[in-house]
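Let's take a walk through this chain together, one stop at a time. Keep the structure open beside you as you read.

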Amino acid sequence: MQWTKVLGLGLGAAALLGLGIILGHFAIPKKANSPAPQDLDLAILETVMGQLDAHRIRENLRELSREPHLASSPRDEDLVQLLLQRWKDPGSGLDSAEASTYEVLLSFPSQEQPNVVDVVGPTGDIIHSCHRTEENVTGEQGGPDVVQPYAAYAPSGTPQAVNAAKHGVAGVLVYTDPADINDGLSSPNETFPNSWYLPPSGVERGSYYEYFGDPLTPYLPAVPSSFRVDLANVSGFPPIPTQPIGFQDARDLLCNLNGTLAPATWQGALGCRYRLGPGFRPDGDFPADSQVSVSVYNRLELRNSSNVLGIIRGAVEPDRYVLYGNHRDSWVHGAVDPSSGTAVLLELSRVLGTLLKKGTWRPRRSIVFASWGAEEFGLIGSTEFTEEFFNKLQERTVAYINVDISVFANATLRVQGTPPVQSVVFSATKEIRSPGPGDLSIYDNWIRYFNRSSPVYGLVPSLGSLGAGSDYAPFIHFLGISSMDIAYTYDRSKTSARIYPTYHTAFDTFDYMDKFLDPGFSSHQAVARTAGSVILRLSDSFFLPLKVSDYSETLRSFLQAAEQDLGALLEQHSISLGPLVTAVEKFEAEASALGQRISTLQKGSPDPLQVRMLNDQLMLLERTFLNPRAFPEERYYSHVLWAPRTGSVATFPGLSNACSRARDTASGSEAWAEVQRQLSIVVTALEGAAATLRPVADL
């Protein structure tokens, strides 16, 4: 009996083993039948392009700009809830959405004591008063939520004087000259609501804070646990009272000044010759011994400001993020700045969210939509976000796409960005039809307005470089993330305007956009399609479409400028550019070799892990140009290629700036030691970048 039992168990075990082998054989996928790694789906891309709706963008803008929404105001918080509602919608929402709040230091004018600018006579009587508010030409400029014109973070005070030379600078009046935004026109019947030009009473509001981020928590997120700087020790605020005025009021003051003529570069379009003072003209509108009195009653307040994040989780690489952001707050109604960008953001997230909810698409990598708070005060929301999640974002972010003002006007695309994003933007715009007559692509239309001659590609559209004008700044300068800013803009051959004329005024309204900047909203749709195509290419492509070899042109042009304009000067002080030449050549060689490896892999069936390692090289290249100790005087600026350049030579900014400061000093001075240090910083960064591009097994 015992032997029979053992035999039965043996036969049973053999049967189970055989069954397991058979099942295992059929369960293991054969390489020939394995699905290809998830890659960009051109059918999905075409669907997204077709579903982005100009009319929906228009209606988004109407709602977003219906009321003023200054940062931390009740209407700003209403828009936080609107975004959360859209991104949690059962039919078109995202995987998740949440708001995060920071307590930050903002600056506001006093409601009880409005800021005033007066001309007072010798006995102190008021002879003339500048406008405290803008003219209510459409019924939208006089509402209770329209903040009076002011200079955020300017201190309070009541200076009284006529000119700086005699009395010292006690206060500052700021205005926007019609020569800069109105092509010299200033007659009321030639301005809004009759055209896109700024009415004479228009005043440009703005932040006068030198840095970005919350002033009390530099390099730390503005959360309860963070250390806050004592208010007495905060740096970056204007030292004296400052107040903006309209050019109508500026005309009354400037055209009555006495004294010598101002330099030719200071002359504008107010209809008179600008003079420097002192005093008023004896034959002018005011007594010669009158003075200008400025009373500023700004105050600092701690306020809660929110970011809103909407997330689509990646199917294959959820730990790789493609970020797309736009700020939400405005100085007044903000139809152009920033609501034109938010209107596009909402439509793009609706289309992608609908595909997501239907189950027809999920990106390879995660997509993060962001609505930043308090940008107008100094890029506060985006900076606090980068401070709070510094390591996570540096390790995982593929790229940051910024669409702040999506439409300045309707002539052509304008893109600013770092060199590796050039190729993905070009690929996207070649496939999208440009709005307007004809059958040009956005790319072909773009090249007509902004172009450059590339030694590699020939004539191509030109990308502008990224400064600190919007929320891309902390991502590129602080985190070293490849970034871009996308917008439609005007034909510069037809206007000398430095920006759209009603910028930061109470005339930036829905009707202004609807009538003068983008009737029909086809330019908004073009921006949405461009940004949408870029997002899909970055989030879905098996190989990241970042072309690091395009940095070689930038580095070569910087090197040539250094050799031509600084070489002789440096030689006089025994400083050689040889190491810099070698470092640039190393980078060029490694970037070219990496491009060849990518081409070879694309022709075969590469292992996904191998591609992942290569993609990380592309993603992390930008980080190699960071040196947090390179510019100790420049808060948040760590990128050695794109830091602010004060020197006149268009080369590596640290080198240019240092040479400019050292030029008139003796050899062996600290200034020339700083030149040598800046040269070493650049060389080290380039050598590190080249090392990052080598095969990962090569140490």
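A quick word on UniProt notes: their positions are given in the numbering used here, feature names are shortened, and annotations may be inferred rather than shown by experiment. What you're looking at is a predicted model, where local features need pLDDT of at least 70, side-chain atom pairs count only at pLDDT 80 or more, and totals for chains, interfaces and linings use all residues. Residues are numbered from 1 along each chain as its sequence is written, and side-chain values use heavy atoms, with hydrogens and water left out.

UniProt, in an unreviewed entry, puts "domain: Peptidase M28" at residues 307-515. That stretch is 33% helix and 25% strand; here helices (H or I, at least four residues) and strands (E, at least two) are DSSP runs, numbered from the N terminus. Another unreviewed annotation, "domain: Transferrin receptor-like dimerisation", covers residues 575-694. This span is 61% helix and 0% strand, with its end C-alpha atoms 29 Å apart.

Now for a sheet. Four strands line up in the order β3-β2-β9-β5, making an open, antiparallel sheet. Strands β3 (126-129) and β5 (160-161) each have a single partner strand, so one side of each has no neighbour in the sheet. (Two strands pair if DSSP finds at least two bridges between them.) Between β2 (residues 116-120) and β9 (residues 291-295) there are five bridges, and V119 has V292 in β9 as its bridge partner.

Next, helix α4 (residues 74-87): its 14 residues reach 20 Å from first C-alpha to last. The expected span is 1.5 Å times one less than the number of residues, and α4 comes close to the 20 Å expected. Its buried residues include L79, V80 and W87; buried means under 20% relative accessible area, exposed over 50%, partly exposed in between (1.4 Å probe, protein chains only). Among the elements covering them are α3 (54-64) and β12 (365-372).

Helix α16 (residues 551-572) has 22 residues that should span 32 Å, and its end C-alpha atoms are 30 Å apart, which agrees.

Finally, rings: the structure holds 39 aromatic pairs. One is F192 with Y512, edge-to-face at 5.4 Å centre to centre and 80° between the planes. (Rings of Phe, Tyr and Trp, using its six-membered ring, pair if their centres lie within 6.5 Å; planes under 30 degrees apart count as stacked, over 60 as edge-to-face and the rest as tilted.)

Technical notes. Contact = heavy atoms within 4.5 Å.
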